[in-house]
Amino acid sequence: MSPSLVDNHAAAYIAAPSSAKAPMIPKPGNTFGMSSPIESKFLSQPRDLGIVAVGFSGGQCKPGVDAAPSALIESGLLTQLREELGYRLHGDDEVHLYTDLVPKEDPPHRNMKNPRAVSNVTKRIAEQVHSHAKEGRLVLTLGGDHSIAIGTIAGSAKAIKERLGREIAVIWVDAHADINTPETSGSGNIHGMPVSFLTGLASEDKEEFFGWLKPDHLLSVKKLVYIGLRDVDPGEKRILRENGIKAFSMHDIDKHGIGRVMEMALGHIGNDTPIHLSFDVDALDPMWAPSTGTPVRGGLTLREGDFICECVHETGSLVAVDLVEVNPTLAAPNDVGAHETVRAGCSLVRCALGESLL
């Protein structure tokens, strides 16, 4: 990234609207890892990285996405974060499969498939993310399908409210909006519903069907931004319009360029809000990430995906990152697609956590 691009982006971000509550003043040496010059606004321990490796595929019907955390780790991702970016890693020694939380019988409820399993697992994930986030660490979750974001975002939202008295913002990078309610979903797969539960647009009183979600777990629709949308269901389009949710489709990226889109996205959030970045690898065009469950042509280039992550890192507001929907089992045995998708996922994570071109 050239100095002029960095300067222009920073100027746009500084000029973004802010609320009455001033951001936390960074302390000397309060940078992300050991290699990034960016100071964290909201993390008391930004050189510490909490890892939650989630081997769970119950939010959708294709097996294999539960193998992604192991594939990412075996590719050297955590070693790179430790040795090249200088993070102190916590909780990185186990890929969680949550088999103890998956019931033998799990019939549909309100059109949702595997509702008890997904509710149980995401509740546990929320507790795991919260345990890191309450310590002031950056949290990285490696999924898993995108239903796990019910847990990751709930956990970080609760921790940030407890620790700083603030709401988080979420940047959701995805080909899909994942904001169906159980009633608007055509498939019943919960990986297409997490945002509706996180915003309270869908709710359930019973504990075993996401009734564990409380107000301090939830996200305001005013602090939600989508980037990369190109396969949005009719019911989801209506939900986005009726709730005034900020969304940048691939049309917007084609029209304005990814640099301008990021300026507008960050300007909408404001410069005094902790950011949770939830990145579905299917936001990338299948040319760059073919081994994913629901690929859609016409997506982001890998460089555009990396740029999104770099821009979020540069704000100093990042508090959590999810990488989801890598499915290394979908490629043919001698196909390089799985390897390329894992490589793309690793690149996105490194850029979000402070890797730069120069």
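The paragraphs below walk through a predicted model, from its strands to its aromatic pair and its cysteines.

One is β8, residues 275-280, which pairs with β9 in the parallel sense over six bridges. Within that pairing, D280 has V324 of β9 as its bridge partner.

Strand β4 covers residues 137-142, and R137 lies in it. Is R137 buried or exposed? Its relative accessible area is 17%, and because buried means under 20%, R137 counts as buried. Leaving out residues up to four places away in sequence, the contacts of R137 are L43, Q45, D48, G50, H90, H132 and V319. One of these, H132, is also joined to R137 by a polar contact between the two side chains, at 2.9 Å. R137 also shows how the fold brings together separate stretches of sequence: L49 is 88 residues away along the chain, yet the C-alpha atoms of R137 and L49 are 5.7 Å apart.

Strand β1 runs over residues 45-54 and includes A53. A53 has a relative accessibility of 1%, so it counts as buried. Which residues does A53 touch, apart from those up to four places away in sequence? They are P69, I73, E94, V95, H96 and L142. For a separation on another scale, take A53 and S196: they are 143 residues apart in sequence, and 24 Å lies between their C-alpha atoms.

The next stop is the aromatic side chains. A pair of aromatic rings is described by the distance of the centres and the angle of the planes. The structure holds one aromatic pair. It consists of F197 and F210, whose ring centres are 4.7 Å apart and whose planes meet at 40°, so the pair is tilted. The pair links distant parts of the chain, 13 residues apart: F197 is in helix α6, residues 194-198, while F210 is in the loop between α6 and β6, the latter being residues 224-229. Both partners are enclosed. F197 is buried, with a relative accessible area of 2%, and F210 is buried with a relative accessible area of 2% as well.

C309 is in no disulfide, and the nearest cysteine sulfur, in C351, is 6.3 Å away. A disulfide needs two cysteine sulfur atoms within 2.5 Å. C309 counts as buried because its relative accessibility is 2%. C346, at 4% relative accessibility, counts as buried too.

Conventions: Residues are numbered from 1 along each chain as its sequence is written. This is a predicted model: local features need pLDDT of at least 70, side-chain atom pairs count only at pLDDT 80 or more; totals for chains, interfaces and linings use all residues. Side-chain values use heavy atoms; hydrogens and water are left out. Helices (H or I, at least four residues) and strands (E, at least two) are DSSP runs, numbered from the N terminus. Buried means under 20% relative accessible area, exposed over 50%, partly exposed in between (1.4 Å probe, protein chains only). Contact means heavy atoms within 4.5 Å. A polar contact is a pair of N or O atoms within 3.5 Å; within protein, one must be able to donate a hydrogen and the other to accept it, and residues adjacent in sequence count only if both atoms are side-chain atoms. Rings of Phe, Tyr and Trp (its six-membered ring) pair if their centres lie within 6.5 Å; planes under 30 degrees apart count as stacked, over 60 as edge-to-face and the rest as tilted. Two strands pair if DSSP finds at least two bridges between them.
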